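Here is a short tour of one protein model. Keep the sequence and the 3D view side by side while reading.

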Amino acid sequence: AMAHPGSVSLGLATLVSLRERASAVTVPSWPDGKVLIHRTEELVISPAGEVLPAQTSRVAHDAIMEVSSKHLLRSTQTRRIRKSHSLVMVVRGTYIATSYLEGEKPWDVRRRVAQARLLATTRHGVLFTGESALVTLGIEPWWNNPDVTVRTDARSGKPALFPAVRVGEIIVPSVAWHCRRSGPMVEGLEAEGFWGMPLAPIPLLAYDLCQRAHPLQAFHNVSAFLRFIAGFDRWDLVGSRIREARWREHLIQEVCSLGMERGHRRTQAVLESASGGIESPAESTVLWVLTCLVRGRQEVVCQHEVQVRGRRFFVDIALPEEMIAIEVSGMGKFGGTAATADEVALRFSRRQQLLTDSGWRFINVYYEQCRDLSALVVYLRERLCALGVTVSRPGGKLWAAQSPELFHRDRKF
């Protein structure tokens, strides 16, 4: 198999299928008669003959897991290790050095612990899927303290617990191990591999992201996955949307062909609505709520480009026909210090004034508002109605009320 843009390998049959639907994409011949999806100036051939994205040195190194097997110690000498205080248990018999976790931000500790848990459970016949696969790919899942989810041919068994990990004052709560039977559904599908980590076939991975999860969680995770495999780039919106649409169509067809008795309709609904343009969980939340409010009556676009007076701007989420821009703001957008925040806020205000002068109307949503779905629904409905947009109560296949676990601090900061 050769590498598809985004460092995810695909079988030849899939590449041929994608080629036939990618009329806007150049498809060069391969020396031995094989073909590959090619994006101009975005693929290179390694000395070993592998086809890789030209951005590999930047993208892959940013995405590669920080924790490797060299950071882990496997030992049965539990009492001796506990006395040393230099190691902390990830799972029974596997430990990670506390020095590798100390001094890090709480969310960075969670990310490294999540990676260590995956490495500790890597073995023959186990394929990571769901949010575990996202962690492996370097994608930030909805939960930054996710369960470990795998597919295997062995009997599923009962969920087990990974212990809580304590590093100084930081505690990473315990999570569960979910083992699902692969069964005949993976026959004819090609398992993926990323930096030596075994992943479930892409269609099955997408399906698992939508199962046993709140619709918002599934929406965010599938959006983040689409962004990854499509190589979404706001500076190449046309190409990004073509690649995203191609992947969306491919995944919907492949998920339907899995023959699942349950969950395939919900998965299809998520795939049809998810957007590779999202850049944060807060944006996912707002886009998801808008999708449930508008329900196809209005076009809702993520990363919408607007040009004013020769300048190029990108709106987080837009209703283009109504010229309504929804901006999602948090500390990440305005910087980590007061001085930086003031400077960025000034630029943001000037930008918004330029867009307002050209006819755009704004709805501003702050990160804190995204943690209360009921209040966010009321706020967006009121603001949209005030701007002349008719919306109904939230509903549709994607809607569900907020669950207690969705924003629980044990799972998500």
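Strands E6 and E7 (residues 94–97) pair in the antiparallel sense over four bridges. Val88 has Ile96 of E7 as its bridge partner. Two strands count as paired if DSSP finds at least two bridges between them. In general, strands of a sheet pair through backbone hydrogen bonds, either parallel or antiparallel.

This is a predicted model, in which local features need pLDDT of at least 70 and side-chain atom pairs count only at pLDDT 80 or more, while totals for chains, interfaces and linings use all residues. Residues are numbered from 1 along each chain as its sequence is written, and side-chain values use heavy atoms, with hydrogens and water left out.

**The whole protein**

The protein has 13 helices and 19 strands. Helices (H or I, at least four residues) and strands (E, at least two) are DSSP runs, numbered from the N terminus. Of its 413 residues, 52% count as buried. Buried means under 20% relative accessible area, exposed means over 50%, and partly exposed lies in between (1.4 Å probe, protein chains only). Among contacts between residues at least 6 apart in sequence, 63% join residues at least 24 apart. A contact means heavy atoms within 4.5 Å.

**The sheet with E6 and E7**

E6 and E7 belong to an open sheet of three strands, in the order E5-E7-E6 and with antiparallel pairing. Its edge strands are E5 (72–74) and E6 (87–91), and each pairs on one side only. Neighbouring strands are turned by 35° against each other on average, direction ignored.

Helix H4 (residues 106–121) lies across E5, E6 and E7. H4 runs at about 35° to E5. Axes are lines fitted to C-alpha atoms, for helices over the stretch in contact, and angles run from 0 to 180 degrees between N-to-C directions. Is H4 buried or exposed? In H4, 13 of the 16 residues are buried, so the helix is largely enclosed by the rest of the structure. At 1.5 Å a residue, H4 should span 22 Å, and its end C-alpha atoms are 23 Å apart, which agrees. The expected span is 1.5 Å times one less than the number of residues.

Gly125 sits in the loop between H4 and strand E8 (126–128). Gly125 is partly exposed, with a relative accessible area of 38%. Leaving out residues up to four places away in sequence, Gly125 touches Arg151, Thr152 and Asp153. Val150 is 25 residues from Gly125 in sequence and 9.8 Å away in space, C-alpha to C-alpha.

| Pair | Angle | Axis distance |
|---|---|---|
| H6 (residues 202–209) and H7 (residues 215–230) | about 155° | 9 Å |
| H8 (residues 237–257) and H9 (residues 264–273) | about 175° | 10 Å |

H6 is roughly antiparallel to H7. H8 and H9 are therefore roughly antiparallel to each other as well. Angles under 35 degrees count as roughly parallel, over 145 as roughly antiparallel, 65 to 115 as roughly perpendicular and the rest as oblique.

Which residues of H6 meet H7? Ile202, Leu205 and Leu209 of H6 meet Ala218, Asn221, Val222 and Phe225 of H7. By class, this contact of H6 with H7 has six nonpolar, one polar and no charged residues. Ala, Val, Leu, Ile, Met, Phe, Trp, Tyr, Cys and Pro count as nonpolar, Asp, Glu, Lys and Arg as charged, and the others, Gly among them, as polar.

On the H8 side, the contact with H9 is made by Arg248, Leu251, Ile252, Val255 and Cys256. On the H9 side stand Thr267, Gln268, Leu271, Glu272 and Ser273. The residues of this contact of H8 with H9 divide into five nonpolar, three polar and two charged.

The loop between H6 and H7 holds Arg212. Arg212 is exposed, with a relative accessible area of 70%. Its phi is near 55°, a positive value in a residue other than glycine. Most residues other than glycine have a negative phi.

**Around strand E18**

E18 (residues 324–329) has six of six residues buried, so the strand is largely enclosed by the rest of the structure. Ile324, Ile326 and Val328 point one way, and Ala325, Glu327 and Ser329 the other.

E17 (residues 311–319) and E18 pair in the antiparallel sense over three bridges. Ile317 has Ile326 of E18 as its bridge partner. E17 and E18 form a hairpin with four residues between them. Met323, in the turn, has a positive phi of about 55°. Met323 is partly exposed, with a relative accessible area of 30%.

E18 and E19 (residues 361–366) pair in the parallel sense over six bridges. Ile324 stands opposite Arg361 in E19.
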